[in-house]
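Look at the structure first, then read on.

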Amino acid sequence: MRNPTKNWALKISTLVVATACFAVMSASLLLAQNFKNLLTLWGEDVQMTVYLSQDISDKGRQDIEEKLKASGKVGDIRLITQQIALTDFRAQLASYAPDLSQDEELLKLIPASLQVRLASDISAADQTKELQALAAQIRPLQGVDEVSYGQDWVEKYSALVSVLETTMRLLGIVIVAAALFVISNAIRASVQSRKEEIIVLEMIGATYSMIRKPFLVEGAVLGAVSSALALVICFVLYTGIKGLLVSKLSFLQLGEHLQFLSPAFLILFVIGGAALGAFGSYLCIRRINDGYAGSQG
Amino acid sequence: MIEFSHVYKTYPGPVHALKNVELRIDKGEFVFLTGPSGAGKTTLFKMISAYDVATSGEVRVAGHNLVTIKDTQIPLYRRKIGVVFQDFKLLKDRTIFENVALPLIVRGDKAPAIQRRVYEVLEQVGLAHKHDQYPEFVSGGEQQRTAIARAIVHQPGVLIADEPTGNLDPRLSEEIMDLLERVCAQGTTVFVATHDHEMVKRRNKRTLELRDGMIVGDSK
């Protein structure tokens, strides 16, 4: 039965600091996840076009398709026949150059092609490498005129993805380290405020685990509660920002692609928060039996 | 019960805190330890409570060799001794009952046994009527009596008290000494460090005098 007013100010300030720290962490994760989603969306536009020669037989085309599928890197292959290509071309140029679209001789030069999408399990960062390898494999085949995959765009996109992923990883390490530091210090303040209790417990023969356990539990509870509170704050901010994007900045078409963290991730985050809290506690109490009482007098 | 044999303690510097200390205190004895500040009283008490280890020599208390004792055994050893400090070291956020009950809780006693024993000891020190009060709201003498109750509640073989009357007026000091004598009369070895030479004279008990880390007098 403890005096209920004891250390409330310290406990609340510790909770606020830890919550702020976890809020930054969860917001960063949310940002990273949505960036990744957007990049994946953009990545879906990354595809390779294999232009076929005019005289290619059905068998030759099928051989090329088989070769592509056999690579294991291809998700979807779509045949754009000369007829479809002509129709598309006319539709696109009808309003800009009506005369050109009527030029039958010129239009005969438009080749049939295979539109190739990469498999969805290939990460954005690996797309360039895989497209280059596929292009090198397909280009020498008979019946292939040209292979194009928008090299410039894909390379820039991959570089952007790579930079963002590295930045997020570094940021993640910095934020986790900062959270550990903040929680560890918050617990240290709690340990200091309970120094007398530790002295007494040591003196009356409490085992080291008996002394440490309450601090580890306190750290874990602090981590779990503050991470859960941080997620609530993050969700409120997310809802507000999404509402703004949908209502005021709808032309960006970002709102519909934004997603909050998944339920499984939320549970993992709280468990991770508890683990981080317990570890932060452990860092500052692992030497707890250096003998406070022994240093008296 | 307490035995020091050729004990030396040297701190980096080097500072020779204890030099060739030889002493033996038998079961049920009441012994004062006197000496000026810096004589080594606290070092000697730290060794008895297993907070410090002798540089050389042998220290045996309640059947434990405190020079070779393992870290994991120290808490179990401390459950066999009682320690009283000058500044009481009571937990402010726990009642007098809860403070006194702590050693029994740590030992793993059952709640009914704890309740029975704590009230018995509180009766003994005259604090049963204040069992639900917080230490801040009782007098200095009552706080020290609570500390003594906590030190004897688990019926230790040895009770060491480092300046237990240092913060109390003469009347309360006498009360505390009476209480410690009653504890001793029940079979506990009581070892008290004090600066109060007048009180030591009045009590007429065995007195060890420590000076510059050496035992220079033993009234036995």
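In which crossing, left-handed or right-handed, does H3(B) pass H5(B)? The crossing is right-handed. Keep in mind that this is a predicted model.

## Two packed helices

Two packed helices are described by the angle between their axes and the distance between the axes. Take helix H3 of chain B, residues 96-107, and helix H5 of chain B, residues 140-152. They pack at an angle of about 30°, and their axes are 7 Å apart. That makes H3(B) roughly parallel to H5(B), because angles under 35 degrees count as roughly parallel.

Which residues meet? H3(B) brings B:Ile96, B:Asn99, B:Val100, B:Leu102 and B:Pro103. H5(B) brings B:Thr146, B:Ala149 and B:Arg150. The residues of this contact divide into 5 nonpolar, 2 polar and 1 charged.

## A six-stranded sheet

Strands of a sheet pair through backbone hydrogen bonds, either parallel or antiparallel. Chain B has an open sheet of 6 strands with mixed pairing. The order is S6-S7-S8-S3-S9-S10. Strand S6 (81-84) and strand S10 (214-218) of chain B stand at the edges. Each has a single partner strand, so one side of each is left without a neighbour in the sheet. From one strand to the next, the twist averages 20°.

Now zoom in on one pair. S6(B) and strand S7 of chain B, residues 158-162, pair in the parallel sense over 4 bridges. Here B:Ile81 stands opposite B:Val158 in S7(B).

## A helix across the strands

Helix H6 of chain B covers residues 170-185. H6 lies across strand S3 (30-34), S7 and strand S8 (189-193) of chain B. Its direction is at about 150° to S8(B).

Note on methods:
Residues numbered from 1 in each chain as written. Chains lettered and ligands numbered in written order. Predicted model: local features only at pLDDT ≥ 70, side-chain atom pairs only at ≥ 80, totals over all residues. Axes fitted to C-alpha atoms, helices over the stretch in contact; angles between N-to-C directions. Helix = DSSP H or I, 4+ residues; strand = E, 2+ residues; numbered from the N terminus. Parallel < 35°, antiparallel > 145°, perpendicular 65-115°, else oblique. Left-handed = near helix turned anticlockwise from the far one by under 90°. Contact = placed C-beta atoms within 7 Å. Nonpolar A, V, L, I, M, F, W, Y, C, P; charged D, E, K, R; others polar. Pairing = 2+ DSSP bridges.
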